[in-house]
Amino acid sequence: MAENGEEKLIAVARHIAKTLGHTDTMTDDILKIFSNFDGRLREKLTEKLSDEGVEQTLNSLDRQISRFTTADHPIWANTADSAAFIDAVDQLIASVRDWTPLADDKKISACLDRAEDLLQQSMFRLEDEFRTLVERGAESFDLTRSESTHAHPDFSDDDDDNDFADGDENFIPVAQPITDYDIVIDALPSGTIADLHEIAKRMVAAGYLKECSHAYSTCRREFLEESFSRLGLQKLSIDDVQKMQWTQLEDEIEKWMKAINVALRILFPSERRLCDRVFLGLSSAADLSFMEVCRGSTIQLLNFADAVAIGSRAPERLFKVLDVYETVRDLMPEFELIFSDQYCVSLRNEAITIWKRLGEAIRGIFMELENLIRRDPAKEAVAGGRLHPITRYVMNYLRAACRARQTLEQVFEESSGSNIDYRKGDDQALSSSSLGVQMAWIMELLESNLEAKSKIYKDSALCSVFMMNNGRYIVQKVKDNELGILLGEDWVRKHIAKVRQYHVNYQRSSWSKVLGVLKVDSNSTSPSRTPKNLKEKLRSFNSYFDEICKIQISWVIFDDQLRDEVRASISGTLIPAYRSFIGRLQSAPDIGKNADRYIRYSVEDVEARIGQLFQGTSSGRR
């Protein structure tokens with residue numbers, strides 16, 4: 001009776017240990033409690049376990065499993081074989097778990113060593129089967145399937161000459177433009193995913209998480225690499241990118257922009273979804289596998305952006321650097337969402353760092369533009385007071401740059417830490433914003449450079465024409481666009497006034513002397529009204545007028561409206577004075593009817609000569 005009671009107690013103890021001991025530590029703790037209750041109980045439990053045939057169980061499992069581990073064909077090619085192998089592996093894992101707490105028994109310890117070796121062989125074979133399933137599943141599955149209702153991106157050539165369907169091995173698929181990113185690629189059939197999930201569960205349970213993840217990620221990385229290749233993206237190091245000619249790099253940036261959008265919006269989300277299905281309920285394995293799959297491709301994409309960021313600060317690179325900056329910025333929500341787990345957080349942080357570095361590059365390019373303006377030498381004057389090339393370059397550059405005003409505002413506000421909401425369009429706020437201040441500073445540098453260049457001209461009138469030309473061009477390029485909004489209405493008004501002042505300065509320098517000789521004292525007894533003096537004044541007028549016209553016909557006022565305004569202003573002051581002078585000459589004693597002998601230019605002739613000024617038709621002095 002006592003013996004039956006002991007048997008029942010042992011049975012209950014073994015049942016409790018097996019049911020509750022989900023880990024080695026838990027099972028061992030349960031047995032220790034029983035052992036403390038009665039030291040003989042642990043011996044009985046061990047003895048009973050041996051009596052039930054630990055070795056026989058192991059031998060049986062060895063025969064079952066070895067039949068599959070030594071097979072030269074895929075186990076998952078046959079459903080019955082795969083089910084039998086999985087069942088045997090389950091029994092082996094459970095046995096190892098049950099025997100581990102009793103490892104201090106020599107016989108069980110020896111069996112446990114054999115069991116662990118057998119388990120390792122099983123895992124190696126499961127790893128091979130896992131890899132085979134991933135590879136063959138990808139080969140056999142139709143990648144054009146998608147859970148989206150939208151069209152899938154076409155990775156083939158639609159040209160009528162396409163003979164891929166006829167088995168042309170040299171055919172190279174070409175990625176077509178993608179406009180809809182609401183796509184998820186089912187890269188493996190559902191049945192294959194279910195099989196992979198069953199294998200993954202066993203490998204993780206046996207402590208082979210990293211091996212399983214490695215097998216999975218190796219195959220899926222190849223898929224991403226092939227996808228990038230089809231998108232035309234080369235594997236380039238940072239050094240490779242920096243050594244490229246700019247025109248070649250521009251082409252690579254276009255390819256990169258397409259590739260990173262496809263990667264972050266289609267490929268990576270699809271890989272995340274596949275990982276979550278294969279490693280369902282195994283979140284750590286899913287996160288690790290996804291990181292290993294996408295890490296290389298992500299680093300490839302980010303390294304390219306980083307190479308652009310740390311490359312040359314030449315001003316002509318601004319617009320492509322802006323493209324790269326905006327692309328990374330616009331994809332930051334995807335980076336945040338996709339790379340949110342513990343394994344991928346470093347990739348997300350790297351993306352943020354490179355995004356900020358691109359902003360630094362943009363600010364650096366504007367600094368280089370400042371240096372370019374400062375270094376432009378004031379050595380040789382531009383013929384005829386024409387528009388200077390530096391003015392045309394800087395103004396067109398800034399005008400084009402300001403098409404990306406909101407992005408540039410973001411870049412410069414990040415540097416200053418300002419919280420101005422540039423989207424509201426408040427002129428006062430914009431003109432005092434970091435970008436507005438930057439633009440005003442560049443304009444100031446340009447004006448200082450032009451003033452230095454104007455001093456090369458020996459003729460003060462030509463100096464004024466040069467400044468008038470360049471000032472007018474600047475105002476034209478600023479008005480009615482984003483640059484004008486940034487600089488503000490006050491800035492525009494002040495510079496319109498400056499152009500007017502240059503006009504006044506020109507007229508004073510060129511024509512004050514001519515107008516002076518036409519002045520005649522109204523006093524009838526004044527010496528200036530004598531026929532001799534009148535004839536002398538006329539000769540002086542003819543001389544001055546001839547000289548001015550011969551010189552200034554070669555000068556240039558590029559803007560039609562400004563040229564007409566200047567000519568009209570000259571005529572408005574000179575013609576009335578000349579007409580009055582001619583009238584006095586004709587009414588003077590001793591001249592009278594003979595006045596035409598002395599008058600070289602009629603009023604109409606003078607007006608016509610003025611109308612020929614600023615044509616740039618012949619060389620004149622500078």
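Start at helix H24, residues 603–610, where Val603, Val606 and Ile610 are buried. Buried here means under 20% relative accessible area, exposed means over 50%, and partly exposed is in between (1.4 Å probe, protein chains only). Look down the axis of H24 and those buried residues fall within an arc of 60°, so they line one face of the helix. The arc is that of the directions from the helix axis to the C-beta atoms. What do they pack against? The buried residues of H24 pack against helix H22 (531–552) and helix H23 (560–587).

Phe614 has a positive phi of about 65° although it is not a glycine, and it is buried, with a relative accessible area of 2%.

Before going on, some housekeeping. This is a predicted model, in which local features need pLDDT of at least 70 and side-chain atom pairs count only at pLDDT 80 or more, while totals for chains, interfaces and linings use all residues. Residues are numbered from 1 along each chain as its sequence is written, and side-chain values use heavy atoms, with hydrogens and water left out.

Now the overall picture. The protein chain has 24 helices and zero strands; helices (H or I, at least four residues) and strands (E, at least two) are DSSP runs, numbered from the N terminus. Of the 622 residues in the chain, 47% are buried. Taking contacts (heavy atoms within 4.5 Å) with a separation of 6 or more, 79% are between residues 24 or more positions apart.

Ala461, in helix H19, gives you a local example. At 1% relative accessibility, Ala461 counts as buried. Leaving aside neighbours within four places in sequence, Ala461 is in contact with Tyr506, Ser509, Ser510 and Trp555. Ala461 and Gln507 are 46 residues apart in sequence, yet 7.4 Å apart in space, C-alpha to C-alpha.

Asp480 has a positive phi of about 60° although it is not a glycine. Is Asp480 buried or exposed? At 77% relative accessibility, Asp480 counts as exposed.

A search of the whole structure finds three cavities of 30 Å³ or more. The largest holds about 100 Å³ of space, and helix H18 (434–454), helix H19 (460–478) and helix H21 (489–517) each supply at least two residues of its lining. Among the lining residues are Glu447, Met467, His495 and Tyr502. A cavity is a set of points, on a 1 Å grid over the protein atoms alone, where a 1.4 Å probe fits but cannot get out, and lining residues have an atom within 4 Å of a point.

The second largest cavity has a volume of about 40 Å³. Helix H10 (residues 246–278) gives the largest share of its lining, four residues.

How far can you trust all this? The chain averages a pLDDT of 83, and 78% of the residues score at least 70; pLDDT is the predictor's confidence in each residue, from 0 to 100. Confidence is lowest in helix H17 (residues 427–431), at a mean of 48, and highest in helix H12 (residues 318–330), at 97. Over residues 140–177, pLDDT stays under 50. Where pLDDT is low, the predicted coordinates should not be read in detail.

Conventions
1 Å grid on protein atoms, 1.4 Å probe; cavity = no way out; pocket = protein on both sides within 12 Å on 5 of 7 lines; lining within 4 Å. Points joined across faces, edges and corners; volume = space filled by probe spheres on them.
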